[in-house]
Amino acid sequence: MFLRKAWAFFKRDMLECLSCKTQIALDAASLFAQGFIFFYLAKLLSTQAIPALQIYPGGFFSFALIGIALAGYQSAALETFSKAIYREQGCGT
């Protein structure tokens, strides 16, 4: 019974998420733009130019990608609960 309810909530949230195709496209464009910016920033900041980057074996680009991924995870973890409560208040539940 619990799994049935959990599946219903998951299905409702996925249908709501997939109904906003513009938001999905904007999120993908934002991700691509961030990767593009940090890729060329990593080309600009070589390990020879900045000795402090020599301790990172993958270089600045991998360091920046890991930072972007962790920041995105943290942002999602902090915002998801409050957005869910706000959405449910709007629905009256």
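This is a predicted model: local features need pLDDT of at least 70, side-chain atom pairs count only at pLDDT 80 or more; totals for chains, interfaces and linings use all residues.

Colleague: How many helices and strands does the protein have, and in what order do the elements run?

Modeller: Helices (H or I, at least four residues) and strands (E, at least two) are DSSP runs, numbered from the N terminus. By that count the protein has 3 helices and 0 strands. From the N terminus on, the order is α-α-α.

Colleague: What is the radius of gyration of the protein?

Modeller: The radius of gyration is taken over C-alpha atoms, and the globule rule is 2.2 Å times the number of residues to the power 0.38. Along its principal axes, the C-alpha trace spans about 60 × 25 × 20 Å. For a compact globule of 93 residues the radius would be near 12 Å, whereas the protein has 19 Å.

Colleague: What share of the residues is buried?

Modeller: Buried means under 20% relative accessible area, exposed over 50%, and partly exposed in between (1.4 Å probe, protein chains only). Of the 93 residues, the buried share is 8%.

Colleague: How much space lies in the largest pocket?

Modeller: On a 1 Å grid over the protein atoms alone, a pocket is an open set of points where a 1.4 Å probe fits, with protein on both sides within 12 Å along at least five of seven lines. Grid points are joined across faces, edges and corners, and a volume is the space filled by probe spheres set on the points. For the largest pocket this gives about 630 Å³.

Colleague: Which helix supplies the largest share of the lining of that pocket?

Modeller: Lining residues have an atom within 4 Å of a point, and the largest pocket has 15 of them, with Cys17, Asp27, Glu79, Thr80 and Lys83 nearest its centre. By class, 5 are nonpolar (Ala, Val, Leu, Ile, Met, Phe, Trp, Tyr, Cys and Pro), 6 charged (Asp, Glu, Lys and Arg) and 4 polar (the others, Gly among them). Helix 1 (2-18), helix 2 (21-44) and helix 3 (59-91) each give at least two residues to the lining. The largest share, 8 residues, comes from helix 3.

Colleague: How many aromatic pairs are there, and is the pair of Trp7 and Phe10 stacked or tilted?

Modeller: Rings of Phe, Tyr and Trp (its six-membered ring) pair if their centres lie within 6.5 Å; planes under 30 degrees apart count as stacked, over 60 as edge-to-face and the rest as tilted. The whole structure has 4 aromatic pairs. Trp7 and Phe10 have ring centres 5.6 Å apart and planes at 35°, so this pair is tilted.

Colleague: Why are Trp7 and Phe10 separated by about one helical turn?

Modeller: Trp7 is exposed at 56% relative accessible area, and Phe10 is partly exposed at 46%. Because the two residues are 3 apart in helix 1, their separation is about one helical turn.

Colleague: Where does Pro57 lie, and is it buried or exposed?

Modeller: Pro57 is in the loop between helix 2 and helix 3. Its C-alpha atom is 32 Å from that of Leu26, 31 residues away along the chain. With a relative accessibility of 84%, Pro57 counts as exposed.

Methods:
Residues are numbered from 1 along each chain as its sequence is written. Side-chain values use heavy atoms; hydrogens and water are left out.
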